[in-house]
There are 2 protein chains.
Amino acid sequence: MFALDSPTMISRERILEAAARVYAKHGFRGATTRLIAIEAGVNEVTLFRTFGSKGALLEAVLTHNDTQFEISKLPLRPVDPAAELTSWVGRNLDTLRTMRPLLVHTTSEVDERPEAAKFACEGRHHAHDELRSYITRLQAAGLAAADIDVGTSVVMLVSSVMGDVMGRPMVPDVYPPMDEAAMRYVQCFLRMIGVQKNKSIAANKKQRSRIT
Amino acid sequence: MFALDSPTMISRERILEAAARVYAKHGFRGATTRLIAIEAGVNEVTLFRTFGSKGALLEAVLTHNDTQFEISKLPLRPVDPAAELTSWVGRNLDTLRTMRPLLVHTTSEVDERPEAAKFACEGRHHAHDELRSYITRLQAAGLAAADIDVGTSVVMLVSSVMGDVMGRPMVPDVYPPMDEAAMRYVQCFLRMIGVQKNKSIAANKKQRSRIT
DNA sequence: TTTGTAAGCAAGCAGGTACTTGCATACACG
DNA sequence: CGTGTATGCAAGTACCTGCTTGCTTACAAA
């Protein structure tokens, strides 16, 4: 056996990162072992000795990037929905943008390489759950309307984020400016779920007492 | 030369359709000329004689499918936004679902095969324009709020449609039931752009006169 | 010093891939 | 009938791809 910080690990890391880059550029079939080896500055044989096969290597790449990615959280006790959501959407946009190449290739290869499915789906699922439970909390706190279609609204915001990340590089002119995107999506979303503008917990309390 | 309905055309069509199927399954690199020839029930040589090269063939496939696809229209004079939008979204969902495999592969190959870009983008662009101008008409008719972020709202609905088509096969459980999807997206969208429920031209006139 | 281990290097193998060539067949039109 | 055209078939070329083998070098621990 070998220790965790043995020289092998150096090669291993370098190969993994190189493979990720090459795969992001060319997809599975385009990511030849020769290309990866060159990109890693490593002999092609080392690659097979370390990972066994091209398939195993690229699977390792995916699980590696999968475990590194941590879904960002929304506050348990909502205070300022607009600010909190804008920050959350912004963070997701940033992370997803860096993973776009990997995502777009895995999605197109799910049919032929089922092990790619987990990577392509999991993040989206988590984001969905996180957002959904946050909206429920908003409703419980009286910050969002009670009669909205929570599931669909959530899908629409998540789709908007994904759509931005996936589509902007191809059709840049239809999207809101990149630095405003998060804010814009959230503003529209808030209207959709019945949150008035600039309505924080404090403002909400005032308004509620005025109404009743 | 040859007439348009010469025997060649038969082969040509068969090859084009077979190529579309194989490409939809396996992507560019996976769509080998052998596979396509077998799928078309045609000798591989015929394929090269007719299209010259694999690249040219698959480019022909894309432009073929591109010209066949006609973007569905929204009415010039909006009467019942909910119904009109639901029908439009539904039609788009249906068409896009059939094109999903082609779309997902072209998007992942845009970097390496720029001619795929047009196919991957154009439809989305058209849908966007169509929806945008419709919303503007809604506003002009007093059927939608005036203070909304039209561009962003439109992006969000279009993204939701794309997201549904792309994501549902992979993460089916987060989306609204397929037969309700169009209606649900539109309901949420209407709220986002300030259209009250069941507000048609007639109802709108009544309400407006009541207010003023 | 001995031994084990990670890595490089050169060569090769078996199969696949895009594409070509030469030749045979079938059919349509004059 | 003869001629052109579309297609099939067999074979081959040049290259690429994943993967293997045999051998060498360098270093590190016992």
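User: In this predicted model, does S87(B) count as buried, exposed or partly exposed?
Analyst: S87(B) sits in helix α5 of chain B. A residue is buried at 20 or more other C-beta atoms within 10 Å and exposed at 12 or fewer. S87(B) has 17 C-beta neighbours inside 10 Å, so it counts as partly exposed.

User: How far apart in space are S87(B) and L74(B), C-alpha to C-alpha?
Analyst: S87(B) belongs to helix α5 of chain B. Along the sequence, S87(B) and L74(B) are 13 residues apart. In space, their C-alpha atoms are 9.0 Å apart.

User: Is A19(B) buried or exposed?
Analyst: A19(B) is part of helix α1 of chain B. Leaving out residues up to four places away in sequence, A19(B) touches A31(B), I36(B), L57(B), L58(B) and V61(B). The cut-off for burial is 20 or more other C-beta atoms within 10 Å. For A19(B) there are 26 of them, so A19(B) is buried.

User: How far apart in space are A19(B) and D179(B)?
Analyst: In sequence, 160 residues separate A19(B) from D179(B). The distance in space, C-alpha to C-alpha, is 31 Å.

User: Which helices make up chain A, and in what order do the elements run?
Analyst: Chain A contains nine helices and zero strands. From the N terminus on, the order of its elements is α-α-α-α-α-α-α-α-α.

User: What percentage of the contacts in chain A with a separation of 6 or more is between residues 24 or more positions apart?
Analyst: Chain A has 212 residues, and buried residues make up 37% of them. Among contacts with a separation of 6 or more, the share from residues 24 or more positions apart is 67%.

User: Is L143(A) buried or exposed?
Analyst: L143(A) is located in the loop between α6 (115-140) and α7 of chain A. The C-alpha atoms of L143(A) and I193(A) are separated by 9.4 Å, although the two residues are 50 residues apart along the chain. With 22 C-beta neighbours inside 10 Å, against a cut-off of 20, L143(A) is therefore buried.

User: Which element gives the most to the side of chain B that touches chain A?
Analyst: In this contact, 38 residues of chain B meet 38 residues of chain A. Elements of chain B giving two or more residues are α1 (7-30), α5 (81-109), α6 (115-140), α7 (150-167) and α8 (181-192). By class, this side of chain B has 16 nonpolar, 16 polar and six charged residues. With ten residues, the element that gives the most is α7(B).

User: At what angle do the axes of α5(A) and α5(B) cross?
Analyst: The crossing of α5(A) and α5(B) is left-handed. V104(A), H105(A), T107(A) and S108(A) make the contact with V104(B), H105(B), T107(B) and S108(B). The axes come within 9 Å, and the crossing angle is roughly 145 degrees.

User: Why are the two copies related as by a two-fold rotation axis?
Analyst: Chain B superposes on chain A with 0.0 Å of shift along the rotation axis and an RMSD of 0.1 Å. The contact residues of chain B recur in chain A at 100%, and the same surface serves both copies. The relation is thus that of a two-fold axis, because the rotation is 180 degrees.

User: Which residue of chain B has the C-alpha nearest the axis?
Analyst: The axis in question is that of the rotation of 180 degrees that superposes chain B on chain A. The nearest C-alpha in chain B is 2.1 Å from the axis and belongs to M192(B).

User: Which residues are the closest to DNA strand D?
Analyst: DNA strand D is surrounded by 21 residues. Elements giving two or more of them are α2 (33-40), α3 (44-51) and α4 (54-68) of chain A, together with α1 and α3 (44-51) of chain B. The residues of this surface comprise seven nonpolar, ten polar and four charged. The closest are T32(A), K54(A), S11(B), N43(B) and T46(B).

Definitions and conventions:
Residues are numbered from 1 along each chain as its sequence is written. Chains are lettered from A and ligands numbered from 1 in the order in which they are written. This is a predicted model: local features need pLDDT of at least 70, side-chain atom pairs count only at pLDDT 80 or more; totals for chains, interfaces and linings use all residues. Two residues are in contact if their C-beta atoms, placed from the backbone, lie within 7 Å. Helices (H or I, at least four residues) and strands (E, at least two) are DSSP runs, numbered from the N terminus. Ala, Val, Leu, Ile, Met, Phe, Trp, Tyr, Cys and Pro count as nonpolar, Asp, Glu, Lys and Arg as charged, and the others, Gly among them, as polar. A residue is near a molecule or strand if its C-beta atom, placed from the backbone, lies within 6 Å of it. Axes are lines fitted to C-alpha atoms, for helices over the stretch in contact, and angles run from 0 to 180 degrees between N-to-C directions. A crossing is left-handed if the near helix is turned anticlockwise from the far one by less than a right angle, and right-handed if clockwise. Copies are superposed by least squares on the C-alpha atoms of residues with pLDDT of at least 70 in both.
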